[in-house]
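Let's take a friendly look at the pockets of a protein. Have the sequence and the structure ready as you read.

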Amino acid sequence: MGTEAAAPARAMGPTKLAYFDDMWALSSTATVVSLLQEEGGRRAVLVDSTVFYPQGGGQPADTGVISAGGGARFIVDDVRMKDGVVFHYGRFEDAGDGCNSGFSEGQSVSLEVDAERRNLNSRLHSAGHLIDICMSNIGLSHFDPGKGHHFPDGPFVEYKGVIPPDQLQDKKNELEKEANELITKGAKVLAYILPYEEAAQLCGGALPSYISKDSTPRIVKFGDYPGGPCGGTHVADISIINNIKIVVLN
């Protein structure tokens with residue numbers, strides 16, 4: 001990231017993450033805080049509050065449009081976060097004669113997320129969390145979870161552990177069956193921002209060591225199962241995941 005973008009990020013306060021409060025909101029309003037052009041010509045719009053999800057936690061960034069009165073439209077094709085500040089990257093659309101082609105600091109703008117992309121990303125992210133639940137349900141809770149990649153081009157979750165080769169196919173089938181049975185039953189998916197101790201209780205009594213005890217973690221909970229810390233977006237109900245196919249890679 002160019003130095004022109006890094007300096008404002010350090011000087012600004014954190015961007016309010018509107019999707020933290022409502023994971024299913026696809027539009028919001030905000031105020032333009034800064035307009036940047038990085039080295040190489042890449043443009044970024046910074047606002048005080050955003051409904052756009054920035055890439056991270058294994059989930060791809062949202063895309064969409066930021067617009068303002070007078071016809072100005074900024075096509076968002078990537079979103080990233082640095083030092084708590086969200087950068088909306090993209091380009092201004094040619095507005096034509098008599099229309100504004102840019103924003104100004106302090107201007108009120110409307111944010112609109114691409115619904116199809118958000119919904120797919122949320123389904124994939126939720127599928128990863130559901131597999132975590134199912135690993136415990138089929139007796140593999142002792143496996144250590146690793147990386148989660150919730151992108152459409154080959155989503156996966158990693159676990160460290162050993163299953164005897166002659167049991168691997170049966171366990172794969174059991175995991176897939178358990179996941180799809182839970183999808184068929186359905187259950188609400190909710191997010192909470194809580195004091196550390198309350199968050200730990202919601203997660204079965206403990207939180208990962210990387211969560212500061214002075215923090216107020218965001219916890220995502222699937223039905224009656226223990227929750228887990230997560231900053232991403234998810235489906236409103238497990239049933240929306242629709243279907244899971246398990247493939248084991250060595």
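The lining of the largest pocket draws at least three residues from each of domain 1 (16-113) and domain 2 (118-241), with bounds taken from an automatic or database domain assignment. The model is predicted, so local features need pLDDT of at least 70 and side-chain atom pairs pLDDT 80 or more, while totals for chains, interfaces and linings use all residues. Residues are numbered from 1 along each chain as its sequence is written, and side-chain values use heavy atoms, without hydrogens and water.

A pocket here is an open set of points on a 1 Å grid over the protein atoms alone, where a 1.4 Å probe fits, with protein on both sides within 12 Å along at least five of seven lines; lining residues have an atom within 4 Å of a point. Points join across faces, edges and corners, and the volume is the space filled by probe spheres set on them.

| Pocket | Volume | Lining |
|---|---|---|
| Largest | about 1,300 Å³ | 49 residues |

Which helix gives the most to the lining of the largest pocket? That is α3, with eight residues (helices are DSSP runs of H or I, at least four residues; strands are E, at least two; both are numbered from the N terminus). Nearest the centre of this largest pocket lie His129, Asp132, Tyr210, Gly228 and Pro229.

In the second largest pocket, α3 again has the largest share of the lining, seven residues.
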